[in-house]
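Welcome! Please take a moment with the sequence and the 3D view below, and then we will walk through a few places together.

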Amino acid sequence: MNKTILLFVLALLAATAFPQTNYTTEYDIPYSAKTDDYSRSRLKLDIHHPDTAETLPVIVWFHGGGLTGGEKQIPEELKEQGYVVIAPNYRLTPRVGVADCIDDAAEAVAWAFDNAARYGGDPNRLFVSGHSAGGFLTSMVGLDKARLAPYGKDPDSIAALIPFSGQVITHFSDRKSKGIAELTPYADTAAPLFHVRKDAPPYIIITGDAELELYGRYEENLYMWRMMKLNGHPDVRIYKLDGYNHGEMCHPAFKILKDEVKRLSPGRS
């Protein structure tokens with residue numbers, strides 16, 4: 001048989017045996033019950049999902065931007081990778097307070113629990129992640145049990161929290177509104193560090209290089225890791241990505257995110 005024809009036949013057989021999964025991204029889906037104009041314009045999400053009948057892990061991804069800016073996006077590294085990816089927007093400071101940003105994030109996670117199955121997602125394998133401000137929101141929604149309670153959800157149902165370079169002391173936008181300088185260490189009830197507990201979901205911390213990160217971002221997360229360990233949390237990990245600054249750390253961090261989703265997703269090959 002001609003070599004070219006043989007290769008064509010083999011490729012055709014492979015395509016038949018392993019059919020390609022097609023993915024769709026749907027944009028600007030409202031997720032909030034809030035009715036004011038700003039909320040209705042801002043509180044929408046994008047969802048990237050396959051056309052397969054298989055149920056897949058769900059990743060809720062919160063964008064960064066200091067809680068003052070940024071827009072929802074489906075990260076390229078997570079597209080067509082065997083996940084349902086949900087990317088919400090949330091309201092921004094100073095137009096609203098930091099507590100409102102956290103509440104929006106909680107409402108988006110609750111929406112994901114209620115609706116992921118419609119898009120091929122498994123709500124029992126729902127992971128929450130995000131970069132910078134998105135990492136802060138990830139931690140607050142998953143560690144402070146009061147945030148999801150109004151929406152009838154238990155954060156311990158989250159498969160894992162995987163913040164990328166998120167603040168764990170009180171967010172600098174919150175400190176600024178209270179007249180507290182950026183370099184002043186401060187932690188109140190709006191800080192993930194305040195909500196350290198041993199029964200939280202698996203907590204996977206990822207930061208950039210200690211010398212290249214924003215302020216003391218690695219060191220505060222290292223302290224967070226230690227406090228979780230001392231409180232008896234059974235599955236807390238920290239990764240420091242040497243040579244990568246605050247923005248650059250995202251690319252290698254996605255490899256860790258995907259590895260952790262695989263580790264914590266029963267039945268996923």
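This is a predicted model: local features need pLDDT of at least 70, side-chain atom pairs count only at pLDDT 80 or more; totals for chains, interfaces and linings use all residues.

## A short tour

With a relative accessible area of 44%, Thr55 is partly exposed. Once its neighbours within four places in sequence are set aside, Thr55 is in contact with Gly120, Asp122 and Arg125. Tyr119 is 64 residues away from Thr55 along the chain, yet the C-alpha atoms of the two are separated by 8.7 Å.

From the loop we can move on to the strands. Strand E5 covers residues 121–131, and nine of its eleven residues are buried, so E5 is largely enclosed by the rest of the structure. Which strands are joined to E5 by bridges? One is E3, and another is E6. The table sets the two pairings side by side.

| Strand pair | Bridges | Direction | Residues of the partner of E5 |
|---|---|---|---|
| E3 and E5 | six bridges | parallel | E3: residues 56–62 |
| E5 and E6 | five bridges | parallel | E6: residues 160–164 |

Trp61 stands opposite Ser129 of E5, and in E6 the bridge partner of Ser129 is Ile162.

Next come two helices. Helix H3 (residues 98–115) packs with helix H4 (residues 133–143) at an angle of about 70°, and their axes are 9 Å apart. Angles of 65 to 115 degrees count as roughly perpendicular, and H3 and H4 are therefore roughly perpendicular to each other. On the H3 side, the contact is made by Val98, Cys101, Ile102, Ala105, Ala106 and Val109, while H4 brings Phe136, Leu137, Met140 and Val141. What kinds of residues make up this contact of H3 with H4, nonpolar, polar or charged? Ten are nonpolar, none is polar and none is charged.

Our last stop is Asp144, found in the loop between H4 and helix H5 (145–148). Is Asp144 buried or exposed? Its relative accessible area is 10%, and Asp144 is therefore buried, since the cut-off for buried is under 20%. The side chain of Asp144 makes a polar contact with the side chain of His195, at 3.5 Å. Apart from neighbours within four places in sequence, Asp144 is in contact with Ser139, Thr189 and His195.

Definitions and conventions. Residues are numbered from 1 along each chain as its sequence is written. Side-chain values use heavy atoms; hydrogens and water are left out. Axes are lines fitted to C-alpha atoms, for helices over the stretch in contact, and angles run from 0 to 180 degrees between N-to-C directions. Helices (H or I, at least four residues) and strands (E, at least two) are DSSP runs, numbered from the N terminus. Angles under 35 degrees count as roughly parallel, over 145 as roughly antiparallel, 65 to 115 as roughly perpendicular and the rest as oblique. Contact means heavy atoms within 4.5 Å. Ala, Val, Leu, Ile, Met, Phe, Trp, Tyr, Cys and Pro count as nonpolar, Asp, Glu, Lys and Arg as charged, and the others, Gly among them, as polar. Buried means under 20% relative accessible area, exposed over 50%, partly exposed in between (1.4 Å probe, protein chains only). A polar contact is a pair of N or O atoms within 3.5 Å; within protein, one must be able to donate a hydrogen and the other to accept it, and residues adjacent in sequence count only if both atoms are side-chain atoms. Two strands pair if DSSP finds at least two bridges between them.
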